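Please go through the briefing below with the sequence and the model side by side.

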Amino acid sequence: MEFTLLWAALTAVALGWLALRLTPGRSAGDADRLMGAAAAGLLAGRLGAMILAGVNPITHPLDIIIVRAGVDTRVAAAAALVTLLLSTRDAIIIDRLAPVALAALAGWHGGCVWRGTCLGTASNLPWAMAQPGSAVTRHPVEIYAAIGLAIGAWVVSRLSASPWLKTGAALAIAGGVRLLTQPMRPSLSGGPVGWYLAALVIGLTLAGWSQLHGHPTPDSRLDEDGAPARLDDPAGDGQPQP
Amino acid sequence: MKRWGLVLLLLAGCSAAPAGTPGEQIPPFDLAGFQDSLTSYGRPTVVNVWASWCIPCRSETPLLVEAHHVFSDRIDFIGIDVQDDQKSAAAFLAEFDVPYPNFFDPEATIRTALGGRGVPITYFIAADGTIVDTHIGVIDEQQLALQLDELLVRG
């Protein structure tokens, strides 16, 4: 079990790394920021899961390191976002990392293949799959989510450079994909639909605000290769401004 | 395997009262006793193997309790406490207010017979005694709901 969880995590890291490699203008600190945010999210999510399960982290400190015992994804996502915002307030950097985070999330969902946890509610669609030994075919719901997030990562990476637009769009896509796929996930409680809805609304609001107040365009500070433009030559034509 | 399917069917039919009060003795596992107390069977059953010292068990027990509240009219839930002591186990059950029957199996007889190792392990058993799925390690809500749905579909 632990090994399948590890493989899913490695798939997320691999896709995130690949997306970062394909990102123009990346800096040496980007991977550190992402990993720092992911680590903070993991810790906070584990603490959140313990507290929500009625387990006191102070009286059961060793429980914290047993990640396989559960991580609350809502707390983890919020903590990762806050950590990222604390690590930099620069919209350029955060926008640059937004599609990378979506790609990593797609990898995590796609990691269901290693864990054997891709299936959802029953379905008769041609591509529905069955558990070993079962005649009941089901939606491969986590594959749907992985594909949706991967497409979302590509779309976000192609958006204009209006500040916070990519971040808002990525947040909306992450919430929207989870929201759309949730009805196909078996659940006892219905799932954290409110959180997904909140992510969708906040993301759309941020993206809308960005479009209304979309100046200056931060990526104009980057040249075609993604390197920072010279302050005395913002046009990059070799002719310093007077 | 069929023999153990029968054992689990017998377990499913037992009518022991839930244990949960600190200091209360958890009924020991005794196949003959189960056979005697057998009152009904033929329903799907979830058998959760746990221990009070097991860290992941603390995370999944509230989920199993919630699942029991939702599905207790259609699926039986049973806990098997292994390699434990009575006092700690009773305190664990009281802490999580576990409503379904639990049995004390200090030698982990059932788990060993089923080929399982470690805790937690959750067995999903169809009404005909077939083991539909064996989940090794902590189970999350989605997987638990999926296997419960699988049990209900199979009947």
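In this predicted model, the crossing of α7(A) and α8(A) is left-handed, a crossing counting as left-handed if the near helix is turned anticlockwise from the far one by less than a right angle, and as right-handed if clockwise. Helices (H or I, at least four residues) and strands (E, at least two) are DSSP runs, numbered from the N terminus. Because the model is predicted, local features need pLDDT of at least 70 and side-chain atom pairs count only at pLDDT 80 or more, while totals for chains, interfaces and linings use all residues. Residues are numbered from 1 along each chain as its sequence is written, and chains are lettered from A and ligands numbered from 1 in the order in which they are written.

**Helix packing in chain A**

- The axes of α7 (residues 165-181) and α8 (residues 193-212) of chain A come within 7 Å and cross at roughly 155 degrees, where axes are lines fitted to C-alpha atoms, for helices over the stretch in contact, and angles run from 0 to 180 degrees between N-to-C directions.
- α7(A) and α8(A) are therefore roughly antiparallel to each other, given that angles under 35 degrees count as roughly parallel, over 145 as roughly antiparallel, 65 to 115 as roughly perpendicular and the rest as oblique.
- Residues that make this contact include A:Leu165, A:Gly168, A:Leu171, A:Ala172, A:Gly175 and A:Leu179 of α7(A), together with A:Tyr196, A:Leu200, A:Gly203, A:Leu204 and A:Ala207 of α8(A); two residues are in contact if their C-beta atoms, placed from the backbone, lie within 7 Å.
- By class, the contact of α7(A) with α8(A) has 15 nonpolar, seven polar and one charged residues, with Ala, Val, Leu, Ile, Met, Phe, Trp, Tyr, Cys and Pro counted as nonpolar, Asp, Glu, Lys and Arg as charged, and the others, Gly among them, as polar.
- In the pair formed by α4 (residues 91-110) and α6 (residues 141-157) of chain A, the axes come within 8 Å and cross at roughly 165 degrees, which makes α4(A) roughly antiparallel to α6(A).
- α4(A) also passes α6(A) in a left-handed crossing, and among the residues that meet there are A:Ala98, A:Leu102, A:Leu105 and A:His109 in α4(A) and A:Glu142, A:Ala146, A:Leu149 and A:Val156 in α6(A).
- The contact of α4(A) with α6(A) has, by class, 13 nonpolar, four polar and one charged residues.

**Chain A as a whole**

- Chain A has eight helices and two strands, arranged along the sequence in the pattern α-α-α-α-α-β-β-α-α-α.
- Of the 242 residues of chain A, 38% count as buried, a residue being buried if 20 or more other C-beta atoms lie within 10 Å of its own, exposed if 12 or fewer, and partly exposed in between, with C-beta atoms placed from the backbone.
- Among the contacts in chain A with a separation of 6 or more, 69% join residues 24 or more positions apart.

**The sheet of chain B**

- Five strands of chain B form an open sheet with mixed pairing, in the order β3-β2-β1-β4-β5, where two strands pair if DSSP finds at least two bridges between them.
- β3 (102-105) and β5 of chain B stand at the edges, each with a single partner strand, so one side of each is left without a neighbour in the sheet.
- The twist averages 20 degrees from one strand to the next.
- β1(B) and β2(B) run parallel and are joined by six bridges, with B:Val47 opposite B:Ile78 in β2(B).
- β1 (residues 45-50) of chain B pairs with β4(B) in the antiparallel sense over five bridges, and B:Val49 stands opposite B:Ile121 in β4(B).
- β4(B) pairs with β5 (residues 131-136) of chain B, again in the antiparallel sense over five bridges; B:Tyr123 stands opposite B:Thr134, and the bridge partner of B:Ile125 is B:Ile131.
- Five residues lie between the strands in the hairpin of β4(B) and β5(B), where B:Gly129 takes a positive phi near 95 degrees.

**Covered strands of chain B**

- In β4 (residues 121-125) of chain B, five of the five residues are buried, with B:Ile121, B:Tyr123 and B:Ile125 on one side and B:Thr122 and B:Phe124 on the other.
- In β2 (residues 76-82) of chain B, seven of the seven residues are buried, and both faces are covered, with B:Asp76, B:Ile78, B:Ile80 and B:Val82 on one side and B:Phe77, B:Gly79 and B:Asp81 on the other.

**The interface**

- 21 residues of chain B are in contact with 21 residues of chain A.
- On the side of chain B that touches chain A, α3 (55-71) and α6 (141-154) of chain B each supply at least two residues, and the largest share, nine residues, comes from α6(B).
- By class, this side of chain B has 11 nonpolar, four polar and six charged residues.
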